[in-house]
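Try each task on the model before you read its solution.

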Amino acid sequence: MPTTNDAKPLTLADIAKLAGVSRSAASRALDRRSPVGGERADRVRAIAAAHGYVPNSRAANLRRQRTGLIGVVVPRLTDTVMAMLYEAIVDECTTRGCQATVVTTDDDPRAELERGRALLDQRVDGFIVTTARTDGADPFLLELRDRGIPYALALRTDGESPSALGDDELGGYLATGHLIEAGHERIAFVGGAPYASSSQGRHAGYLRAMTDAGLTVSPELVHETDFSMRAGVRTGNLLLALADPPTAVFTANDSLAVGLISAALRAGLRVPEDLSLVGYNDTPIAAHLATPLTSLAVPFHEIAADAVSLLLDGPDASSGPVLRRAPRLVPRGSVHLRGTEG
């Protein structure tokens, strides 16, 4: 059990564990601006006092002159994934006694900087950003760091900031492994934006699963595009026009998979008999297609809670600045078991 004599100081997570409460409950109990009452809150404060707990300075700075408003930056709300995540962030902010407001950027760094600054003019307490890039073209995050404004990333990471993510490599491995177990060998991967860590991780999982199975990855079967249905149609047309087309495709999100399905049907192919598909994110449309789509379910509410916690409480020393949540494979009708024909 950690004590004030330990070399490593107590964290908020330690206090919560000792008190037998959640991290968010411990944070609310220790918020001097608006302390909560009750037996559990009293227990948290007593344990913190007994162990000489010093609140995270990042969280303390955030609480000073708070407006209770959290800025959320997303590429677009027409993207079902971003809409689902934003709703989950709103729910978590409500639980934590604050409010969320959103701007969209269309994944354009210039628009992100302009609209992010507009939120700063509204005196938001900090940001949750879902538009992080790994190509260095992210001036808004640089400005937040330079100005000492608290922020956390969600769904994507830039490799250095506090981030709440799904385990994208694991998801890619599970998706591709499912197709391999169904007897497929010529499996394509259609990724999203190449600067998005989410697509990069899913690609890495695909490659690892193929390598572990001893299967060759042909360059013509791997495509990087964007996350849209239109990109799925366009890439599907390219894949299906190959002299030796794939029998299965893993896509980096469900929208791409829907586009692939459209391309296959227009080409006179059947799903899954002629082309098997696995999507990602398990958006509501996946279960309601004519052939329900196998997909990877991402725990958006847990990721949202992690992002809000990273913003309000700072990273936990025991888990580090990047929190990952495991996705879950949801098998449906879009994967054909090869060798069962006739």
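**Exercise 1.** Find which residues of α10 meet which residues of α11.

*Solution.* Start with the α10 side: Met229, Ala231, Gly232, Val233, Gly236, Asn237, Leu239 and Leu240 are in contact (heavy atoms within 4.5 Å) with residues of α11. On the α11 side you'll find Ser255, Leu256, Val258, Gly259, Leu260, Ser262, Ala263, Ala264 and Arg266. Sorted by class, this contact has 10 nonpolar, six polar and one charged residues. Here Ala, Val, Leu, Ile, Met, Phe, Trp, Tyr, Cys and Pro count as nonpolar, Asp, Glu, Lys and Arg as charged, and the others, Gly among them, as polar.

A word on the model: it is predicted, so local features need pLDDT of at least 70 and side-chain atom pairs count only at pLDDT 80 or more, while totals for chains, interfaces and linings use all residues. Residues are numbered from 1 along each chain as its sequence is written, and side-chain values use heavy atoms, with hydrogens and water left out.

**Exercise 2.** Work out how the axes of α10 and α11 cross.

*Solution.* First, locate the helices (DSSP runs of H or I, at least four residues, numbered from the N terminus): α10 covers residues 229-240 and α11 residues 254-266. Next, take their axes, which are lines fitted to C-alpha atoms over the stretch in contact, with angles from 0 to 180 degrees between N-to-C directions. These axes come within 7 Å and cross at roughly 45°. The pair is therefore oblique, the class left over once angles under 35 degrees (roughly parallel), over 145 (roughly antiparallel) and 65 to 115 (roughly perpendicular) are taken out.

**Exercise 3.** Which residues touch the most other members of the largest nonpolar core?

*Solution.* A nonpolar core is a set of buried Ala, Val, Leu, Ile, Met, Phe, Trp, Tyr and Cys residues joined through side-chain atoms within 4.5 Å. Among the 64 residues of the largest one, the answer is Leu85, Ile89, Ile128, Val249 and Phe250. Helix α12 (residues 300-313) gives the most to this core, namely eight residues.

**Exercise 4.** Is Val308 buried or exposed, and what does Val308 touch?

*Solution.* Val308 sits in helix α12. Its relative accessibility is 2%, so Val308 counts as buried (under 20% relative accessible area, with exposed over 50% and partly exposed in between, using a 1.4 Å probe and protein chains only). Skipping residues up to four places away in sequence, Val308 touches Ile89, Glu92, Cys93, Arg96 and Ile128.

Definitions and conventions
Helices (H or I, at least four residues) and strands (E, at least two) are DSSP runs, numbered from the N terminus.
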